[in-house]
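Student: Before using the labels attached to this model, I would like to see what each one rests on. Could we go through them one at a time?

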Amino acid sequence: MSQPKRGKVNINYKRCKGCGICSSSCPRKVYQYKKIGRPRVVAEEKCTACMLCQYLCPDFAIKIEKIISGVVV
Ligand code: SF4
Ligand code: SF4
């Protein structure tokens with residue numbers, strides 16, 4: 001049985017400058033990032049809502065919502 005979702009990843013692409021810090025810092029490989037372009041969320045189900053990417057994004061472009069027992073908190 002798959003793990004229940006623990007985090008919802010929201011990227012504000014109007015703020016994102018495509019630096020790639022989120023992708024390189026995520027320990028769960030939630031993001032896919034190519035040198036030219038913007039990060040894409042490719043494995044949201046692996047997110048543990050550790051908040052690391054949200055704290056490290058220099059442009060405040062990421063908002064992580066924690067999910068507890070299926071409810072966004
Ligand atoms: S860290 Fe922030 S600005 Fe940099 S690519 Fe990720 S979302 Fe965009
Ligand atoms: S909150 Fe943590 S696990 Fe989730 S995408 Fe960000 S760095 Fe990765």
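Tutor: Start with the elements: helices (H or I, at least four residues) and strands (E, at least two) are DSSP runs, numbered from the N terminus. Val9 lies in strand S1, which spans residues 7-11. This is a predicted model, in which local features need pLDDT of at least 70 and side-chain atom pairs count only at pLDDT 80 or more, while totals for chains, interfaces and linings use all residues. Residues are numbered from 1 along each chain as its sequence is written, chains are lettered from A and ligands numbered from 1 in the order in which they are written, and side-chain values use heavy atoms, with hydrogens and water left out.

Student: How many helices and strands are in the protein, and in what order do the elements run?

Tutor: The protein has two helices and five strands. From the N terminus on, the order is β-α-β-β-α-β-β.

Student: What makes the protein as compact as a globular protein of that length?

Tutor: The radius of gyration is taken over C-alpha atoms, and the globule rule is 2.2 Å times the number of residues to the power 0.38. For 73 residues the rule gives 11 Å, and the radius of gyration of the protein is 12 Å, close to that value, so the protein is as compact as a globular protein of that length. Along the principal axes, the C-alpha atoms fill a box of roughly 35 × 20 × 15 Å.

Student: Why is Val9 called buried?

Tutor: Buried means under 20% relative accessible area, exposed over 50%, and partly exposed in between (1.4 Å probe, protein chains only). Val9 has a relative accessible area of 8%, so Val9 is buried. Of the 73 residues of the protein, 32% count as buried.

Student: Which residues is Val9 in contact with, leaving aside its neighbours within four places in sequence?

Tutor: Contact means heavy atoms within 4.5 Å. On that basis the partners of Val9 are Val30, Tyr31, Val41, Glu44, Cys47, Lys63 and Ile64. The C-alpha atoms of Val9 and Glu65 are separated by 6.6 Å, although these residues are 56 apart along the chain.

Student: How do you know that S1 and S4 pair?

Tutor: Two strands pair if DSSP finds at least two bridges between them. S1 and strand S4 (residues 62-68) have five bridges and pair in the antiparallel sense. In S4, Ile64 is the bridge partner of Val9, and Lys63 stands opposite Asn10. Three strands form an open antiparallel sheet in the order S1-S4-S5. S1 and strand S5 (71-72) are the edge strands, since each pairs on one side only.

Student: Which residues make up the covered and uncovered faces of S1?

Tutor: Gly7, Val9 and Ile11 form the covered face, and Lys8 and Asn10 the uncovered one. In a regular strand the side chains alternate between the two faces of the sheet.

Student: Why is Phe60 counted as exposed?

Tutor: Phe60 has 65% relative accessibility, so by the cut-off already given Phe60 counts as exposed. Phe60 is in the loop between helix H2 (52-56) and S4. Its phi is near 55°, a positive value in a residue other than glycine.

Student: Which residues come nearest to ligand 2?

Tutor: A residue is near a molecule or strand if one of its heavy atoms lies within 4 Å of it. Of the 13 residues around ligand 2, Cys26, Cys47, Cys50, Met51 and Cys53 come nearest.
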